[in-house]
Amino acid sequence: MSKLMTLYKILPGCEEGNPEAWKAFLENYTPTALEVFKVYSPWPPEACLDHWRDALHALSANDFAALKGFSHLSEREFLVGLRAFLLDRAAASLQPAQDTKAPPAPTTETLSALLTGLAVVHQEMAFLTLAGYSLKAIENILRISPAVAEDGLAPLRARFGPVIEQNEDRCLWPSAWIAIGNAARASETKDCPPVRQLIRVLDGQASWYDKSPAELHRSQCLHCLELWTSMLEVVSWERTRQPWPAEKIAPLLAVIPLKQDKRKPSLFARMLGK
């Protein structure tokens, strides 16, 4: 079964409170959620898991209203939305005092100035580096050689040398960086290509006629650069994702208002032909 079909079947079942659908959801997406918190927060693993439980409660509240607002058309589009949802929730629990003081965090203005004039791939590298990714992780996310990665980070060294040298994938300024991401997502204009078009570009399904203008626009638009790099993160997580262990799912299920009508099969069960 394809991942796309899995998403088509899982989300409707989750919106019905179907236990089997939620087990599949948690198996597939708990590792992704914990990866978001690991990179973009100072929290230890158990605290990350606690915040994921809180997010699950929010997703399932009010008859799963928040979950119903996510895209059901593409797993990547769904995961980009889930990532933004989790970062919004993390922002409410983070304090600027937790951010590293040296080097000081970038701002939207200083980041834009830093990116201006850089080649597109170098913009991606700079953005991911400041987001907290190590050089090795960036090589894997962008599928580039170490030499290319080293050259691309040269503009950052004078001001953000310690960031480049870190070996752990963790943002030094989670509060400030999430605020930059929120500002970027809020700056969308009518000229920004839709996320589905960017996914087509990322998957190699777009023609040169569509790809070239989108790439040019992205080189001048913080909103689209943030969206594009979030998709690169999602693809990287897809490549390395391992299912969440079955024995660890029950504690997460406990926060979800599951429903089970034994008198007739749920939509999820009917979609599976049961």
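Student: Which residues form one aromatic cluster in this structure?

Tutor: In this predicted model, one aromatic cluster is formed by W22, F25, Y29, W52, F64, F70, F78 and F85.

Student: How many aromatic pairs does the structure hold?

Tutor: There are 11 aromatic pairs in the structure. One of them joins F37 and W43: the ring centres lie 5.7 Å apart and the planes stand at 55°, so the pair is tilted. F37 and W43 are both buried.

Student: What describes a pair of aromatic rings?

Tutor: Such a pair is described by two quantities, the distance of the centres and the angle of the planes. Consider F160 and W173, whose centres are 5.8 Å apart and whose planes are at 70°; because planes over 60 degrees apart count as edge-to-face, that is the class of this pair. The two residues are 13 residues apart and link distant parts of the chain, with F160 in helix α9 and W173 in the loop between α9 and α10. Both F160 and W173 are buried.

Student: Over which ring does the charged end of R218 sit?

Tutor: The charged end of R218 sits over the ring of W228, 3.9 Å from its centre. Likewise, K248 places its charged end over the ring of W244, at 5.3 Å from the ring centre.

Student: With which side chain does the side chain of E124 make a polar contact?

Tutor: The partner is R218, at 3.4 Å from side chain to side chain. E124 belongs to helix α6, residues 120-131. Beyond its neighbours within four places in sequence, E124 is in contact with several residues, including R218 and W228.

Student: Why does E124 count as buried?

Tutor: Buried means under 20% relative accessible area; E124 has 8% relative accessibility, and therefore counts as buried.

Notes:
Residues are numbered from 1 along each chain as its sequence is written. This is a predicted model: local features need pLDDT of at least 70, side-chain atom pairs count only at pLDDT 80 or more; totals for chains, interfaces and linings use all residues. Side-chain values use heavy atoms; hydrogens and water are left out. Helices (H or I, at least four residues) and strands (E, at least two) are DSSP runs, numbered from the N terminus. Buried means under 20% relative accessible area, exposed over 50%, partly exposed in between (1.4 Å probe, protein chains only). A polar contact is a pair of N or O atoms within 3.5 Å; within protein, one must be able to donate a hydrogen and the other to accept it, and residues adjacent in sequence count only if both atoms are side-chain atoms. Contact means heavy atoms within 4.5 Å. Rings of Phe, Tyr and Trp (its six-membered ring) pair if their centres lie within 6.5 Å; planes under 30 degrees apart count as stacked, over 60 as edge-to-face and the rest as tilted. A charge sits over a ring if NZ of Lys or CZ of Arg is within 6 Å of the ring centre and within 35 degrees of the ring normal.
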